[in-house]
Amino acid sequence: MTLFLSGIAILIVGYYTYGRFIEKILRPDDRQVPAIRLNDGVDYKVLPHWKNMLIQLLNIAGIGPVIGVILGIKFGSIVFLIIPIGNILGGSVHDFVSGMYYLRHDGCNAPSLIRFALGRAYNLFACILICFLLLSVVAVFIDTPASILNNLIQTENFQPLWYVIGIIFLYYVLATLFPIDQIIGRFYPWFGGLLLLGTAALFFAILYQGFFTSTDFFMETAAFRGSIPQQGPIVPCLFVTIACGILSGFHATQSTIVARTIASEKQARSTYYGMMVVEGLIAMIWAAGALAVYNLFPEYLTKAAPLTLSQIANYFLGTWVGSLTVLAVIILAITTGDTALRSLRLTLAEIFHIPQKTLVSRFAVSLPLMFLVAGILAWAHCDKNSFDILWHYFAWGNQFLAASILMACTVWLYSEKRISWVTLLPGIFMTFVVLSYILWTDGSGSNPYGFGLALPNAYALAAVLTGIVTLGVVCRCIVVRKRVAQKRERP
């Protein structure tokens, strides 16, 4: 309980201290924001601050801070410190700085930041990676909530899976085609409220049982401790298993959506940094619930994460409130998948310079994406093992993108003559994580295929490669700052 409450305190204090420090570096001001300057009534449109915060939270959260930590807590209670420290120093900084770049560059997408900072050649690779990640998120966040709902409502004579998939898919299409305020802006506040209420109920239930009952469910059992070595080394495996809550490159693809609806730069800290901290709080609470279930019911250590999710909700909240909380998690997945499809539309439209003001142009960009997602879903149910392997590559690619965004933000900050180590240091760490992971993993268990090196050798080679990457980023900082200075000196 001490580690859990200490982690909660780190997140709260970190928002008001380190978050303000980052804000002073970025210097938000009263300049005209894209939502006002480029208002098109579709993607660029001012929304209330509280709506933007909830939209950002639901965009970035997905099922990562729930399912991810249910798996991640198997690394041990040290997770209660790693989540908040990584969140405050890495994930929240990643979201805030990249979000501010988008705000100051017409609400652009992640490829624009990477092209500016890391060059056109690297941006080509980044565009392919981003499109792969977003397509994967859309497909998985249709299939996963549909599967959970199917398990809840199926009968012996009725299997509604494909009907549910079709309904969710149709919603995704409508959410990406319609103006931001008509579906996302209208329904997200209700969805966000349900998520926050369910998580808050779980938090108070954990506190009540922890302080007022004799059940010490945070005391790690022998069965739980015995499962820890099976998870692999904390570095790199933990930081690939838990992305949402600590640091996730996917967030950089979502932040552009609210960069086009924020009314003032001064709302950026609470919208970007603040909502990432809230996601960290959600992750901490569900990690605590998972640890309790694993200690009380060791058989869940080998069960699928969605089953553990249901057990957490039912044990702490009872059947009725627990079912509502599970529903909130399902909605959480859906509200990330829909904006992933919208973000993919915006990204491709920006890459190919296709205006998105008319419904016809939005549909033209979205139609090929619909066929691709449908194909992935069909393939997923024909060859489930291959789809699972693909998802593990997604987990690595997601953190590779996070490292790339942090390095790109470093170049941007340096070019603006701002403190840049705040993104460089977490960028170096994440570069080491993704390199050591792909060098070490050999395709066994749930891991993707990598080079299969012994862990010490993987660490050593990853350290050398990380040093080379860091040197390249430093050189890029110097080149871009000089280029920006020359551009500003021109009449």
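**Helix packing and backbone geometry**

A: In this predicted model, H12 passes H13 in a right-handed crossing. The residues that form the contact of H12 with H13 divide into four nonpolar, three polar and one charged. On the H12 side they are His251, Ser255, Val258 and Ala259, which meet Thr271, Tyr272, Met276 and Glu279 in H13. Helix H12 covers residues 250-259 and helix H13 residues 268-296, and the two pack at an angle of about 130° with their axes 11 Å apart.

A second pair can be described in the same terms. The axes of helix H7 (residues 120-153) and helix H8 (residues 161-177) come within 9 Å and cross at roughly 140°, which makes H7 oblique to H8. Here too the crossing is right-handed, as H7 passes H8. From H7 the contact draws on Val138, Phe141, Ile142, Asp143, Pro145, Ala146, Ser147, Leu149, Asn150 and Ile153, while H8 contributes Leu161, Val164, Ile165, Ile168, Phe169 and Tyr172. These residues of the contact of H7 with H8 divide into 13 nonpolar, two polar and one charged.

When neighbours within four places in sequence are left aside, Phe4 is in contact with Phe80, Phe203, Ile206, Leu207, Phe218, Met284, Ile285 and Ala288.

Most residues other than glycine have a negative phi, and most peptide bonds are trans. The peptide bond from Val235 to Pro236, however, is cis, with omega near 15°, and Pro236 lies in helix H11, which spans residues 234-241. Arg27, in the loop between helix H1 (2-26) and helix H2 (34-37), has a positive phi, near 55°, although this residue is not a glycine. With a relative accessibility of 49%, Arg27 counts as partly exposed, because the exposed class begins over 50%. Lys417 likewise is not a glycine and has a positive phi, of about 60°; this residue is found in the loop between helix H16 (384-415) and helix H17 (421-440). Lys417 is exposed, with a relative accessible area of 63%.

How values were computed:
Residues are numbered from 1 along each chain as its sequence is written. This is a predicted model: local features need pLDDT of at least 70, side-chain atom pairs count only at pLDDT 80 or more; totals for chains, interfaces and linings use all residues. Side-chain values use heavy atoms; hydrogens and water are left out. Axes are lines fitted to C-alpha atoms, for helices over the stretch in contact, and angles run from 0 to 180 degrees between N-to-C directions. Helices (H or I, at least four residues) and strands (E, at least two) are DSSP runs, numbered from the N terminus. A crossing is left-handed if the near helix is turned anticlockwise from the far one by less than a right angle, and right-handed if clockwise. Contact means heavy atoms within 4.5 Å. Ala, Val, Leu, Ile, Met, Phe, Trp, Tyr, Cys and Pro count as nonpolar, Asp, Glu, Lys and Arg as charged, and the others, Gly among them, as polar. Buried means under 20% relative accessible area, exposed over 50%, partly exposed in between (1.4 Å probe, protein chains only). Angles under 35 degrees count as roughly parallel, over 145 as roughly antiparallel, 65 to 115 as roughly perpendicular and the rest as oblique.
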